[in-house]
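Dear colleague,

Please find below the structure that I am handing over to you. My notes on it follow directly after.

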Amino acid sequence: MLYSQNYLFLLFFGSGFEFSLLEFLMLFATLCLFSKSHYFKAYLLVLQSLYLVHFTFMAYFGVHVRTSDIYLFFTHIAETFETLGTLYEVGLYPLFVVGVTSFVAMSMGYKKSNISPILLSLFLVFSFWFQEKLHDASLLLIKESVKTIFLQKGQGAIQKSDGGQKTALYQRDNNIILVLGESMRSREHLKERYELFENYNYKTILSGATNTDVAVPLLLNGALSPKTLDLQNNLFLLAKQNGYKTTFFTTQSQKSLQYIAPYLSTEHIDTFKVAGSRDDKELLAHLKTLSLDEKSFIVLQMQGEHSPYIYYENANRSDSIEKRYHLSMLYSDAILRQLMAYVSSHSTKPYLFIFVSDHGEMLGEEGKTGHNRFEKEIYSVPLVIHSNLETHIEKILSHYDIYELVYHYLGYTKEFQPSEKKTVRVYGTMMSEEDGYRDIDLQR
């Protein structure tokens, strides 16, 4: 009966379930072990809760849970529940399936199994070990949860090379403003048109990773991979060394920032502020407190289109995901145009204004929502450059190229030097690289 829940879920959601006799026997062995305890029904409810959690996950994200998903759940638990708070309808069918099955199962009588618990335990251990691909929702969640124990829980390798600090070739006299968007889709993956993309210098490029925790550190440190990230290449450090006033301002929360903070080189940031308001209106208000009469390197991080897409005025949590995302885009569009207008009218020096998103977002394509996956809707990101300097936008294809552009205008190269590689490597969600990468072919 419990195993049949996978089929019931499949009626409404394409979960990719395939029958496996071994999995069926594994579930049977688990129940036989439980039957030897006086708390059999309690164990049964725990098992059913695993089905409910995994079914709900698949209903929203459209894919089976992975080890990295479980890790991200516990490291971003507040954000997870905030998103789920607007998606209660997603869990209705999984709750119905699991609830009905649980009621029937709890009403049935049961007898203790006569099979040796040692044999049952050995069977389960060997089955979990040798069965590479599981489909049953509860068994797969158990296996992936166990695997999280062996993940590297640290931040990854944070290193500074011994080669000494880089020396600027030129004393630049300009203002560089880098605005980091959050979960904004590129133009070709949006149904509606937005003025920001239509009337400004726009291009779709590739992110360095599928979530903020990896993409932003790679971008700000010019790293092609998490394990080769070197803080000697940090843009704040380089800007400070060449006489720039440095600023980092974010409207995101302190908890959201904690995973990228170790890679910001905060000791080289003159003005560092975490507003935590999650209202991007504050970006312009803060920018107005800064002097654009002295050369500055300013990084502004948006709340943007962070799920559950409610960080705009008069947001209605009961609206559909598509509507909330669209209204969030309109809000970001207006904020960014205001920022560009302010910089162009108040900067007394040549300026380079760059907007780029950290990653994109899935909004229901193939039943998938959110990010943290290697999908074109996620690793394709919008780039907008507004400047009275040469933008070189036609040569920019990735986050790494943006780093090289800023590096050039900070005075460290004579000419802009974009990557000459024919592929861009997009990493996953972990600085340890444990959830892999994808190489995306480019056509220059």
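The model is predicted, so local features need pLDDT of at least 70 and side-chain atom pairs count only at pLDDT 80 or more, while totals for chains, interfaces and linings use all residues. Residues are numbered from 1 along each chain as its sequence is written, and side-chain values use heavy atoms, with hydrogens and water left out.

H3 covers residues 40–61; at 1.5 Å a residue its 22 residues should span 32 Å, which agrees with the 32 Å between its end C-alpha atoms. That expected span is 1.5 Å times one less than the number of residues. Helices (H or I, at least four residues) and strands (E, at least two) are DSSP runs, numbered from the N terminus. Just after H3, glycine 62 has a positive phi of about 80°.

Seven strands form an open sheet with mixed pairing, in the order E2-E9-E6-E1-E5-E3-E4. Two strands pair if DSSP finds at least two bridges between them. Strands E2 (201–206) and E4 (271–274) are the edges, each pairing on one side only.

E1 (residues 175–181) and E5 (residues 296–301) are paired in the parallel sense over six bridges. Leucine 180 has glutamine 301 of E5 as its bridge partner. Helix H14 (residues 321–346) packs on the sheet, touching (heavy atoms within 4.5 Å) E1, E5, E6 (351–357) and E9 (380–387).

With kind regards

Conventions:
Axes fitted to C-alpha atoms, helices over the stretch in contact; angles between N-to-C directions.
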